[in-house]
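Here is a brief report on selected residues, cores and helix packing. Please view it alongside the sequence and the model.

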Amino acid sequence: MSTVQRQMVWGAGLAILICVSFTIFFFIRFPLADWRSLWETDVMDIPFIIFIPSLSIIIGILFGLTSGIRWKNQIQSIDSWLHQIEEGRQLELSEINAGSEIQTIATRVEKIQKQIAEQAKLSQKLATEKAEDIESRMQEIISQERNRLARELHDSVSQQLFAASMMMSAINEAKTKTDDRETKQLKMVEEMIHQSQLEMRALLLHLRPVALKGKTIQEGIEELLIELSQKVTMEIKWKIEDFPLDKGIEDHLFRILQESVSNTLRHAKSTTLEVLLIKRDEFVILRVVDDGIGFDVDEAKAGSYGMQNMYERAVEVGGTLKIISLKNNGTRLEVKVPII
């Protein structure tokens, strides 16, 4: 039974009770000489004895209907509030004109909504902190694993390649030129070992990139290039001016330099490498030039994660990165970052 029907039944029952009470009071107050007068007296062409009960019942039903509709609307309002809270919607109860009967409920619903919002905010904060903590741990684990692999490669494969390179050099120097074909093959093997060494050094630079760790970018670049010049046969030149930079810019420029040098070692087949770091007209300029075999810049942009990473790092500090490369005429990379 619905709220409206229930209120109508209650109203009709109340009307009957009032009618019976009124009738008893009327008969006690005004005793009737003859009961037939109740049937003979008409009100609006209806006998008095029927009119009074019928009128009372109709009034009771109308009262119950009105009251039932009113209570139904209030209950529907409460149900609507709870439904919106269930779906996570923001409910502005201050804008709702609630009757005095449900004003207390409205106040409690508002308090519950605030509590749910605070709990949701706290849950999101905890989830964010947990995700950041997990990501930090994963990065730490990845960094430790990369360092472990770099150490193992350096201590085993890199040393073996170095030993093989020395042996091949000694064999080629001691061998007489009696067989040109065999000599060419040995030279090819020596070049392959040399290229493998460059690939290994580039891979180690990727696995265990040198961090500045409190040093300026000028100190970091010099340390990197001095160490590299001791391990590769190519001629390395650099010109580095001393000027202060924000740590964020220093880190991004240093990572771009590492990526560029790694690409040179792996792909360029160059004999010289030049690095320039200068400040001109409120711009810091990093330039890396080699005399290698060159490459197609457009194709490299589409297929190289390293190239995309360098472009993104330059953009992150408000700078630009340009790469010019010609076949058999080397490659020139230049980063310009405004100093604000």
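## Ser325 and its surroundings

Ser325 touches Gly294, Phe295, Val297, Gly330 and Thr331, leaving aside residues up to four places away in sequence; contact means heavy atoms within 4.5 Å. Ser325 lies in strand β6 (residues 320–325). Strands (E, at least two residues) and helices (H or I, at least four) are DSSP runs, numbered from the N terminus.

The model is predicted: local features need pLDDT of at least 70, side-chain atom pairs count only at pLDDT 80 or more, and totals for chains, interfaces and linings use all residues. Residues are numbered from 1 along each chain as its sequence is written, and side-chain values use heavy atoms, with hydrogens and water left out.

Ser325 counts as buried because its relative accessibility is 12%; buried means under 20% relative accessible area, with a 1.4 Å probe and protein chains only. Its side chain makes a polar contact with the side chain of Thr331 at 2.9 Å. The Ser325 side chain also reaches the backbone oxygen of Gly330, at 3.5 Å. A polar contact is a pair of N or O atoms within 3.5 Å; within protein, one must be able to donate a hydrogen and the other to accept it, and residues adjacent in sequence count only if both atoms are side-chain atoms.

## Thr264 in α7

Thr264 sits in helix α7 (residues 247–268). At 5% relative accessibility, Thr264 is buried. Beyond four places in sequence, Thr264 touches Lys269, Ser270, Leu273 and Asp290. Asp291 is 27 residues from Thr264 in sequence and 9.5 Å away in space, C-alpha to C-alpha.

## Nonpolar cores

The largest nonpolar core has 36 residues. Such a core is a set of buried Ala, Val, Leu, Ile, Met, Phe, Trp, Tyr and Cys residues joined through side-chain atoms within 4.5 Å. Those with the most contacts inside the largest core include Ile221, Leu257 and Leu277. Helix α7 gives the most to this core, with seven residues. Apart from it lies another core, of five residues, among them Ile78 and Trp81.

## Packing of α6 and α7

The axes of α6 (residues 217–229) and α7 come within 10 Å and cross at roughly 15°. Axes are lines fitted to C-alpha atoms, for helices over the stretch in contact, and angles run from 0 to 180 degrees between N-to-C directions. The two helices are therefore roughly parallel, a label for angles under 35 degrees. Residues making the contact include Ile221 and Leu224 of α6, and Leu253 and Leu257 of α7.

Note on methods:
Buried < 20%, exposed > 50% of the residue type's maximum accessible area, 1.4 Å probe, protein only. Parallel < 35°, antiparallel > 145°, perpendicular 65-115°, else oblique.
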